Amino acid sequence: MTDTLIVGGGTAGCVLAARLSEDPAHAVRVLEAGRVRLDPAAFPEALRDATRMPLDPNAAWLWRYPTILSADSDSAEGAHDAYDPVLGELVRGRVLGGSSAVNGSYFGRARAADFAAWDDIAGGPGWDFGTVLDAYRRSECDKDFGDRPGHGRTGPIPVIRSAHPAPISRAVAAAAHSLGLPEREDLNAVPGDGPQTGVARVPCNVDRGLRIGTATAYLLPAAHRPNLRVDGGATVSRVLVRHGRAVGVEYRRDDVTETAWADHIVLCAGAVETAALLLRSGIGPASLPAGTGIPLVHPAPVGQWFTDHPEIGLEYRVGAEPGEKPPATVPLEYVVDLDDIELRPYTVEFTPGIRRLGVALMRPHSWGVLRLSSGDPAARPVIAHRYLSEAADRTRLLEAAALAEELLSRIPGARLLTRVPPATHPRAVVWLRERLGTSQHLSGTCRMGAAHDERAVVDHGLRVHGVRGLSVVDMSVPPVPLSRGPQASAVMIAERAADLPR
Ligand SMILES: Cc1cc2nc3c(=O)[nH]c(=O)nc-3n(C[C@H](O)[C@H](O)[C@H](O)COP(=O)(O)OP(=O)(O)OC[C@H]3O[C@@H](n4cnc5c(N)ncnc54)[C@H](O)[C@@H]3O)c2cc1C
């Protein structure tokens with residue numbers, strides 16, 4: 001009998017499996033839908049190379065989902081011209097390490113203010129900044145600032161900032177300085193240790209050019225333990241609930257349906273698949289679509305209030321880039337951090353000869369919805385981001401885009417390929433929609449909160465309200481938008497989960 005069955009060996013799942021199996025008396029089993037390689041040298045080069053994201057359209061290591069980033073009605077107030085929906089694509093890692101195996105390696109912590117908001121609605125202790133800081137520290141080995149307050153030097157994840165940024169990164173940093181924005185030496189600095197906004201080198205989970213996701217950092221060193229079993233190619237289709245208690249899961253491997261039983265089931269399948277799994281198991285809104293044929297087991301607002309960071313892509317050209325040209329080390333070496341906005345000068349070209357400055361809203365007010373269209377486990381969930389549905393988000397993105405335009409005007413030879421319209425311009429929303437993309441940071445499909453909170457799915461101990469023996473430990477649970485990329489926070493949540501009483 002397995003003590004803890006972890007569904008999904010992704011960013012959080014690998015951390016949790018490694019931490020729980022430190023106790024030799026605790027039997028841990030991981031079911032991962034993607035391929036499991038237990039030898040780091042067997043990882044394909046594309047997954048190891050931190051300079052690029054391995055998002056090839058035919059890559060076997062990705063989940064892909066169509067999404068409606070913004071529907072016609074989302075950004076409409078009163079009379080307007082009909083808009084076509086803005087369609088997008090969401091990707092996630094489908095491989096041991098999950099999205100940490102394919103992402104941009106930006107390892108930034110969320111801010112103290114995010115946890116003040118989280119702690120307020122968690123419904124119990126354990127999510128204030130002081131407590132989560134211990135978990136962030138435990139995860140990292142910060143090669144640059146490990147000895148500073150609030151940092152760690154002995155954790156599994158190496159954190160480093162580019163020592164020789166590419167010319168484009170340096171040019172954007174210089175332009176930001178000329179706008180009066182301070183240099184932030186350490187983006188992960190705790191409050192009181194230097195400026196909390198400004199232009200900063202991106203902390204990255206990279207070692208000598210290699211992406212170090214949680215499979216490499218946490219799970220592989222633990223894989224030899226006799227009390228840890230990791231099965232790849234095992235796609236869980238639903239959780240089995242008997243008399244209000246989760247007792248096992250049904251999964252498919254090699255076209256065969258199997259069942260695994262456990263004392264405690266932890267969903268670490270990521271914000272999309274964890275929500276889809278709960279819905280397929282009958283844990284969801286009382287109005288679960290009738291056409292799915294799924295009987296309601298327990299009502300819960302799964303998938304109802306997710307958030308993600310919308311990003312506007314500003315395309316520009318530069319003339320000859322001055323100075324010597326060290327190759328870029330990661331897709332994003334510098335970020336201009338304005339608290340609720342990130343300006344992202346990508347080092348990679350999405351179109352040959354054209355550069356992109358991303359303008360991302362880090363505390364959006366708009367929220368999205370995920371639901372099932374069918375009970376078939378192979379069917380993709382229907383995802384609607386509902387970006388730009390709040391007027392405050394549209395206004396703030398336009399203001400930030402205007403600042404980005406000003407910043408680019410200060411880079412010698414740079415030419416923005418558009419003009420940013422004033423917020424009052426009749427076509428300003430159309431302009432935003434034409435450049436709208438996603439940061440791939442979807443979170444909050446199974447939010448944390450007290451039992452009486454109509455938006456809450458899990459309690460402060462990460463347990464699903466109303467179903468015993470079932471927890472969620474991944475990016476599904478944050479009840480507020482975190483104002484940084486989620487990777488480091490997914491690791492932190494799993495480190496916190498390993499601390500919690502079982
Ligand atoms: C292309 C891309 C770039 C990104 N860049 C950054 C970045 O630079 N910095 C940053 O902070 N964030 C970034 N993110 C976001 C960040 O990587 C994720 O939010 C975070 O890693 C999610 O962690 P997770 O544990 O919730 O889920 P995941 O890491 O996605 O893990 C989920 C795991 O569960 C498995 N799984 C799913 N369903 C099932 C099932 N039914 N049965 C069995 N297994 C299942 C999956 O295969 C996967 O391994 C990026 C994301 C993407 C996709």
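**Figure 1. Lining of the second largest cavity in the predicted model**. By class, this lining comprises three nonpolar, four polar and one charged residues. The residues concerned are Phe 306, Thr 307, Asp 308, Ser 366, Trp 367, Gly 368, His 385 and Tyr 387. The volume of the second largest cavity is about 40 Å³.

**Figure 2. The largest cavity and its lining residues**. The space in the largest cavity amounts to about 70 Å³. Its lining consists of Thr 307, Asp 308, His 309, His 441, Ser 443, Met 475, Pro 481, Leu 482, Arg 484 and Pro 486. Four of these residues are classed as nonpolar, four as polar and two as charged. In total, the model has two cavities of 30 Å³ or more.

**Figure 3. The shell of residues around the ligand**. The ligand is surrounded by 38 residues, and Thr 11, Glu 32, Ser 99, Tyr 106 and Gln 487 are the closest. The shell contains 17 nonpolar, 16 polar and five charged residues. At least two shell residues come from each of α1 (11-20), β4 (86-93), β12 (235-242), α7 (270-280) and α10 (487-499). The largest contribution is that of β4, with three residues.

**Figure 4. Polar contacts between the protein and the ligand**. A polar side-chain atom of Glu 32 is placed 2.6 Å from an oxygen atom of the ligand. A backbone N or O atom of Ala 12 lies 3.0 Å from a ligand oxygen atom. At Tyr 106, a polar backbone atom is 2.9 Å from a nitrogen atom of the ligand. Of the 1000 Å² of accessible area that the ligand has on its own, the protein covers 97%.

Key:
Residues numbered from 1 in each chain as written. Predicted model: local features only at pLDDT ≥ 70, side-chain atom pairs only at ≥ 80, totals over all residues. Heavy atoms only, no water. Near = heavy atom within 4 Å. Polar contact = N/O pair within 3.5 Å; in protein donor to acceptor, adjacent residues only side chain to side chain. Areas by Shrake-Rupley, 256 points an atom, 1.4 Å probe, with all protein chains shown as cover. Helix = DSSP H or I, 4+ residues; strand = E, 2+ residues; numbered from the N terminus. Nonpolar A, V, L, I, M, F, W, Y, C, P; charged D, E, K, R; others polar. 1 Å grid on protein atoms, 1.4 Å probe; cavity = no way out; pocket = protein on both sides within 12 Å on 5 of 7 lines; lining within 4 Å. Points joined across faces, edges and corners; volume = space filled by probe spheres on them.
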